[in-house]
Amino acid sequence: MRIFAKILPLLVGVFLIALLSLNFVFKVRKGLTEIAVFSDSQRFVLRPPAIEASMENDEERDSLSIAKKMFRLYDEVETFVLFIGYPRSQHSLIGAILDAHPEVVIPHEYDLLKNLYRFESRRAANKNIQKYMLFNELRQTSETQALFGIRANRNNSLLGQREYTYNVPGQWQGGFDKKIKVIGDKKGGTTSMLLANPKNMESLEKIGQIVQIPMKFIHVTRNPFDNIATIMLRRKSSREKVRADGAEKVNETNALNSSINFYFRMAFANQRIKERYGDAVLDIPGHEMVLRPAETLHKLCDHLRVTCSDDFIKKCSSILYGSPSVTRNLVVWTKEQKARVTKMMETVSVLKDYSFDKYPE
């Protein structure tokens with residue numbers, strides 16, 4: 001024992017010298033072998049390829065990596081689109097169909113003009129993240145609507161029984177395929193109502209500054225006589241009553257005059273937008289989507305610079321049925337009211353081809 005006690009320090013010294021001369025140590029971390037190599041100035045960790053790949057996958061799953069991917073996704077967006085027009089003009093249908101495109105995200109009635117203040121904070125502007133905040137909210141809204149809302153299938157929708165669903169089976173509502181080229185908001189009638197106040201036209205410039213990409217507009221129209229009649233009937237809660245066979249026409253001269261004024265405030269606002277933005281505004285008669293879906297979809301896709309595949313057209317066309325609604329004959333028009341509407345239509349370029357006696361065909 002005394003001899004062992006004397007040579008023990010010597011053995012320990014020899015062991016330490018041998019260890020330092022090798023200049024490496026073996027370690028076991030998380031059940032996987034890695035070699036730690038030390039030098040005078042730095043430390044390197046050498047891992048087997050399988051371990052390195054595993055750690056890269058862990059990093060991809062990290063929330064920061066996901067955030068970076070989303071920022072890059074939004075940086076690839078090429079066009080921001082807004083709907084303008086009039087209530088009850090097929091905006092919802094056209095918006096739902098475009099949201100089904102693999103490279104387009106357009107939620108139902110996000111109402112950007114009313115929510116614009118949420119993206120105007122000085123802090124967000126200083127960090128230059130306003131665009132990303134807006135795009136992310138629009139994408140999430142589209143996703144929620146496709147899962148549980150107005151664009152969900154009937155089994156998942158939380159909106160109860162509805163006469164019509166805006167779900168396009170087998171397409172990309174609420175999502176996208178690889179990239180988003182177009183993003184925007186569908187709130188046509190309300191957007192035009194707000195822009196009827198010339199002061200609010202500045203909001204379009206603010207949106208342009210936030211999104212930092214070209215803006216385009218989809219102007220959905222309908223025969224003004226049908227639009228005005230529907231606006232009045234909905235205000236009077238008479239729309240479904242007069243649709244019944246044998247029901248009398250609604251005779252409300254003052255209410256109809258009010259609806260005429262309301263309609264043309266929007267029409268003149270849309271005219272100003274067309275004058276300011278020119279070819280960035282596409283006019284789409286709402287009934288064309290029902291009567292000629294393939295031709296209309298090609299126009300929309302060309303305007304937004306996205307492809308329009310045969311499968312996309314086929315799937316979207318499958319949800320269309322019936323004929324365009326004609327409501328002008330459900331109300332009583334005076335000769336003066338007809339003449340007044342006709343005269344005002346002549347001052348709005350896109351409305352000139354409509355008339356009381358002309359029906360969608």
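In the predicted model, Pro224, Phe225 and Ile228 of helix H10 are in contact with Lys338, Val341, Thr342 and Met345 of helix H16. By class, the residues of this contact comprise 5 nonpolar, 1 polar and 1 charged. Helix H10 spans residues 224-235 and helix H16 spans residues 335-345; the two pack at an angle of about 125 degrees, and their axes lie 11 Å apart. The crossing of H10 and H16 is right-handed.

On the H8 side, the contact involves Gly189, Ser192, Met193 and Leu195, which meet Phe262, Met266, Ala269, Asn270, Arg272 and Ile273 of H12. The residues of the contact of H8 with H12 divide into 6 nonpolar, 3 polar and 1 charged.

These helix pairs belong to a protein with 16 helices and 8 strands. Of its 361 residues, 45% are buried. Among contacts with a separation of 6 or more, 75% are accounted for by residues 24 or more positions apart.

Proline 198 is located in the loop between H8 and helix H9 (202-211). With a relative accessible area of 55%, proline 198 is exposed. The C-alpha atom of proline 198 is separated by 9.1 Å from that of arginine 272, a residue 74 positions away along the chain. Arginine 272 is also one of the H12 residues that take part in the contact with H8.

Serine 89 occupies the loop between strand E4 (79-84) and helix H4 (91-99). Its relative accessibility is 2%, so serine 89 counts as buried. Serine 89 and proline 285 are 196 residues apart along the chain, and their C-alpha atoms are separated by 8.3 Å. When neighbours within four places in sequence are left aside, serine 89 is in contact with Val220, Thr221, Arg222, Asn227 and Gly286. One of these residues, Asn227, falls within the span of H10, residues 224-235.

Arginine 292 is placed in the loop between helix H13 (286-291) and helix H14 (293-304). The relative accessible area of arginine 292 is 29%, which means that the residue is partly exposed. A distance of 9.2 Å separates the C-alpha atoms of arginine 292 and serine 317, which are 25 residues apart along the chain.

Positive phi values in residues other than glycine were examined next. Glutamate 109 has a phi near 55 degrees, a positive value in a non-glycine residue. Glutamate 109 lies in the loop between strand E5 (104-105) and helix H5 (112-115). At a relative accessibility of 35%, glutamate 109 counts as partly exposed. For asparagine 128, phi is likewise positive, near 55 degrees, in a residue other than glycine. Asparagine 128 is situated in the loop between helix H6 (122-127) and helix H7 (130-148). The relative accessibility of asparagine 128 is 44%, so this residue counts as partly exposed.

The cysteines were also considered. The structure holds 0 disulfides. Cysteine 301 is in no disulfide, and the nearest cysteine sulfur, belonging to cysteine 308, is 3.3 Å away; a disulfide would require a pair of cysteine sulfur atoms within 2.5 Å. With a relative accessibility of 0%, cysteine 301 counts as buried. For cysteine 316, the closest cysteine sulfur is that of cysteine 308, at a distance of 7.8 Å, which is too far for a bond. Cysteine 316 is buried, its relative accessible area being 1%.

Notes
Residues numbered from 1 in each chain as written. Predicted model: local features only at pLDDT ≥ 70, side-chain atom pairs only at ≥ 80, totals over all residues. Heavy atoms only, no water. Axes fitted to C-alpha atoms, helices over the stretch in contact; angles between N-to-C directions. Helix = DSSP H or I, 4+ residues; strand = E, 2+ residues; numbered from the N terminus. Left-handed = near helix turned anticlockwise from the far one by under 90°. Contact = heavy atoms within 4.5 Å. Nonpolar A, V, L, I, M, F, W, Y, C, P; charged D, E, K, R; others polar. Buried < 20%, exposed > 50% of the residue type's maximum accessible area, 1.4 Å probe, protein only.
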